[in-house]
Amino acid sequence: MKHLVLTLWLLACTTTWAQNSFEATIQESENNEPLYGVSVYIKTLNNGAVTNMQGLVHLKNIPDGTHTIEISYVGFETLRITRNFPLDNKYLNETILLQESHEEMDEIILTSTRSSRTFQDTPSRLEFIAGEELAEKGNMKPGDIRMLLNESTGIQTQQTSATSYNSSIRIQGLDGKYTQLIRDGLPLYSGYSGGLSLMQIAPLDLKQVEVVKGSSSTLYGGGAIAGLVNLISKTPQEERELSFMANATSALGLDLSGFYSEKYGKTGTTVFASYNTATPYDPADIGLTAIPKYDRFTFNPKLFLYLNEETNLNIGFNFVTENRLGGSIDFIKEDRDTGYFERNSTDRFSTQLLGSHSLSSNLSLVVKNSISFFDRKIEIPDFTFAGKQTSSFSEINLTAIEDKTEWVGGINLWTEDFKQYRGNPNQDLSFTNYTFGMFAQNIWDIEENLTLETGLRGDYQSDYGFYILPRFSVMYKPSTQLTLRAGGGLGYKTPTVFTEDVERLQFQNILPIDVDETSAEQSIGFNLDANYKWSITEDLNLSTNILLFYTQINDPLLLTRTSGSSFEFTQPDGAIDTKGIEANLRLSYHDFKLFVGYTLADVNQEYNGEREQYPLVATHRLNNVLMYEKHENFWIGLEGYYYSPQQLNDGATGDAYWILGVMTEKKLGDKFSLFLNFENLLDTRQTRFDTIYTGSIDDPQFRDIYAPVDGFVINGGFKLKL
C-alpha cells in the first residue's frame, strides 16, 4: 500500500513538474510600443490569454513537448511560432514583434469619416460592429438589422406600426428622421424608401456596421443631425467565401441566405441572395398580428475590376421585393372580406458604382454614384396610398495625405423625385428637388498624441436655399491607456413628409408641405468622451468609455391635426434638445466577457414657452451581456436590457420593462456551426401590461408601441462555409 501511494505521489509530482509556462512581451515592429489585447493561443491545448497594457502575456499549464503558439491582433499579421517545452533560456521572457497587415487594416478603417485612418487614430468618435460580434448579433435576427442596432448603447429601434412591424432608428432619443442610414457611403434608404428599410436589410453580406453619433451633416449632408449608420458590405478577398445560413423561429418564420465572394486576378465578384418569410403571429391572442405575414426576396450582385495597381472599380445592383400583410388574424388566415388589415407591397432597385484612382503616391480620386427606384403601395380598409421615388447620388472627392496631415475635398449632388399615384388627389404629396454640396475636411497631427479634425460643408437645396456647416473633432492621448475626444458641429434637415408620425397614419389625410411657409430645421451639437483601458490583474482586463452629448434642434417640424380630419406640418417657435450620458464597460477574464452599457437620455421639447418631455424615449436604459466563449469552438451569452418608463403621445406614461435572452453557437469543425437563441425569455409584451389600441378589432385606433409585441421567440439554425 505504501508503494502504491508513493508511486501515485511521484506520478502526480511528475505531472505537476511537466506543466510549463510561456511568458512574452508583444510589441509592434515599427516603434516597439507594447500592444494591448493581443490574443496568444495554443489551439491543440485550448489554452490562451491576452496581453496586458504593458504587452505582457502569461500562458500557464503547458505540458512538455512541441507546441504551436498563434499570436493574432486586428490590423497585424497573424504570427505562428513553435516552441519546445521546457523552453531554452533564449526563449524565456522573449519579446515578439508583430508586423502591420494592410489587408487586415482594411477591416478596421472606418470609412464613414471619409478618412483612411484606423479606428484608434480617428479624432471623430465612432462605434463599429464587426467580426464575431456582428456574426453573433446577426444570428438573432438573420432577416433584418433591427437587432444589430437596438442592442447598442444610445441607439433604439422604434416600432412605428403595431401590425406591419415597421421600425425606425433613434439615436440619443431623437426621432428617426434625424438619422441617416447609408450603404457603403451611398444614401440608398432616404425619403419614401426609408419606410421599411430596417426590415428589408439582411446582415449576412455585411463586413461591419459603423455608427457616428451627433451632428454629421458636414460629412454626408442634411439629415444626419442625430447621427448616421453606415452599412459596409463585404468585398472579395484572396480566399474564396461561400457561406449559407438557414434560420427558423417558433413564430413560424424562415430565413435563408447565401453569400459568395471570390477574387480572380484583376476581377472579383460578390453575390448575396436571401429569402425571408413569416406567417401571421399573435402571441397575445387579441386577434391582431404582432408579426405580419410576409414574403421577401433579395438579390445583390457586384462586379469588382482591378484595372491596375492605381485604379479599381466596382459596380452592382440591389433588388428587393416584398409583400407584407398585417392586421386581423381572421382576415389574413381565413381570407375574409371584412376586418382591419395593413398591406405593404414594395419593390426596391438600386445601382451602385464606386471607383478609385491613385493619381500619385499621396493623392487619390474617388467617384461614387447610385440611382434608386422605389415603389410602395400601402393599403388599409377604405384607403390606399402609393408612390414611386426616383433618387440619385453622385460624388467626386480627392484625398491628399502628407506626413502629418490628410485633406479630403469634393462635390456631390442629390436628386429626388416622388410621384404619388394612389391616394387623395386633393392631398397630392408629389415633389421634386435637388441638393448640391461642396465639402472639405482636414486631419492634422499637431503632436504625436494630439490630433485635430476640421470640416466645412456648403449645401444648396433647391427648395430651401443655402446652408454652411462647420464641424470639428479633437483627440488627445495622454497615455496608451487613456484617449480623450471632443467634437461638435452644425446640422440641418429640410422638411419631409416621410416621418414616423406619417407612417403611423399610413399617409392618410396628410396635407402637402407648404415650401413657402416652412424652413429647414437647424441644429447644433457637441460631444465629449473618454476611453480608458486597464489591466487590473494579469488575467482581468477592463475597458471603459464615457460619452457626454448635447444636441439642440431649432424650429422643428411638427405634424398636427387641423380643425377637420386632416393633418398638416407646422413649425411653431421652439426647440428640441437632447442631453445625456452613454457609459460602456467591458471586462474580460479568461473565457468570460462582460459588457455593461448605460444610457441617460434627457430629451425635451419646448414650444411657445411650454416645456415637456419628448415622447417615446426611455430616459434610463441598461444593456448587459455576459459571454462565455471557447476559442473557435463554442459560445453562450446571457443578455439583459432595461427600459425606463416612457412618455407617450396621448399623455399617458408607459411601464418600465426588462428583456432577457440567451444566445448560443457551437462550431462543428471549420465549416459548420449550429446556433440557438431564446429571445425575450420573460415574454415581455406591451399587451401584457398595457393596450396597443382602442376602439373595436375591426376599426382599431392604435396607440404608441413602446415595448415588444412579439414576446418570447426561439430561433435557431445553421451556418455553412464551403
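Analyst: Start with a term. A nonpolar core is a set of buried Ala, Val, Leu, Ile, Met, Phe, Trp, Tyr and Cys residues joined through side-chain atoms within 4.5 Å. In this predicted model, the largest such core has 33 residues. Val209, Val229 and Leu231 have the most contacts inside it. Helix 4 (146–150), strand 10 (167–171), strand 12 (206–213), strand 13 (227–233) and strand 32 (592–607) each supply at least two of its residues.

User: What is Leu231 in contact with, leaving aside its neighbours within four places in sequence?

Analyst: Its partners are Ile145, Leu181, Ile182, Arg183, Asp184, Tyr189, Ile201, Leu206, Gln208 and Val209.

User: How do you know how far to trust the model, going by pLDDT?

Analyst: The mean pLDDT of the protein is 88. A value of 70 or more is reached by 95% of the residues. Two stretches need care. Residues 4–17 stay under 50, and the model gives them zero contacts beyond four places in sequence. Residues 102–107 are also below 50, but this stretch has 11 contacts beyond near neighbours in sequence. Where pLDDT is low, the predicted coordinates should not be read in detail.

User: Why is Asn300 called buried?

Analyst: Buried means under 20% relative accessible area. Asn300 has 6%, so Asn300 counts as buried. Asn300 lies in strand 17 (residues 293–306). Beyond four places in sequence, Asn300 touches Arg183, Asp205, Thr270, Val271, Phe272, Phe317, Asn318 and Gln352.

User: What makes the nonpolar surface patch?

Analyst: Val367, Ile396, Ile411, Leu413, Tyr434, Phe436, Met438, Leu456, Tyr460, Phe466 and Ile468 make it, over about 970 Å². Strand 22 (405–422), strand 23 (431–447), strand 24 (450–461) and strand 25 (465–476) each supply at least two residues. Strand 23 gives the most, with three.

User: Why are Ile411 and Tyr434 called partly exposed?

Analyst: Partly exposed runs between the buried limit of 20% and the exposed limit of 50%. Ile411, in strand 22, has 36%, so Ile411 is partly exposed. Tyr434, in strand 23, has 39%, so Tyr434 is partly exposed. Leaving aside neighbours within four places, Tyr434 is in contact with Leu413, Trp414, Thr415, Tyr460, Gln461 and Ser462.

User: What makes the pair Arg296 and Glu322 a salt bridge?

Analyst: A salt bridge needs a side-chain nitrogen of Lys or Arg within 4 Å of a carboxyl oxygen of Asp or Glu. The N to O distance here is 2.7 Å, so the pair qualifies. Arg296 lies in strand 17 and Glu322 in strand 18 (residues 311–327), so the pair ties together parts 26 residues apart in sequence. At 1% relative accessibility, Arg296 counts as buried. Glu322 is also buried, at 1%.

User: How do you know that Lys263 and Glu238 meet in a salt bridge, and are they buried or exposed?

Analyst: Their N to O distance is 3.5 Å, and the cut-off is 4 Å. Lys263 is in strand 15 (residues 253–264), while Glu238 is in the loop between strand 13 and strand 14 (241–249). They are 25 residues apart. Lys263 is partly exposed at 27%. Glu238 is exposed at 58%, since exposed means over 50%.

User: How many salt bridges does a search of the whole structure find?

Analyst: The search finds 35. Arg125, Glu127, Lys213, Asp529 and Glu582 are linked in a network of them.

User: What makes the phi of Asp184 worth a look?

Analyst: Phi of Asp184 is near 55 degrees, a positive value in a residue other than glycine. Asp184 sits in the loop between strand 11 (179–183) and strand 12. With 16% relative accessibility, Asp184 counts as buried. His590 also has a positive phi, of about 55 degrees, and is not a glycine. His590 is in the loop between strand 31 (574–589) and strand 32. At 47%, His590 counts as partly exposed.

User: What kind of peptide bond joins Phe85 and Pro86?

Analyst: The bond is cis, with omega about 0 degrees. Pro86 lies in the loop between strand 6 (79–85) and strand 7 (94–98).

Technical notes
Residues numbered from 1 in each chain as written. Predicted model: local features only at pLDDT ≥ 70, side-chain atom pairs only at ≥ 80, totals over all residues. Heavy atoms only, no water. Helix = DSSP H or I, 4+ residues; strand = E, 2+ residues; numbered from the N terminus. Buried < 20%, exposed > 50% of the residue type's maximum accessible area, 1.4 Å probe, protein only. Contact = heavy atoms within 4.5 Å. Patch = residues over 30% accessible without salt bridge, like charges linked within 9 Å, V, L, I, M, F, W, Y side chains within 5 Å. Areas by Shrake-Rupley, 256 points an atom, 1.4 Å probe, with all protein chains shown as cover. pLDDT = per-residue confidence, 0-100.
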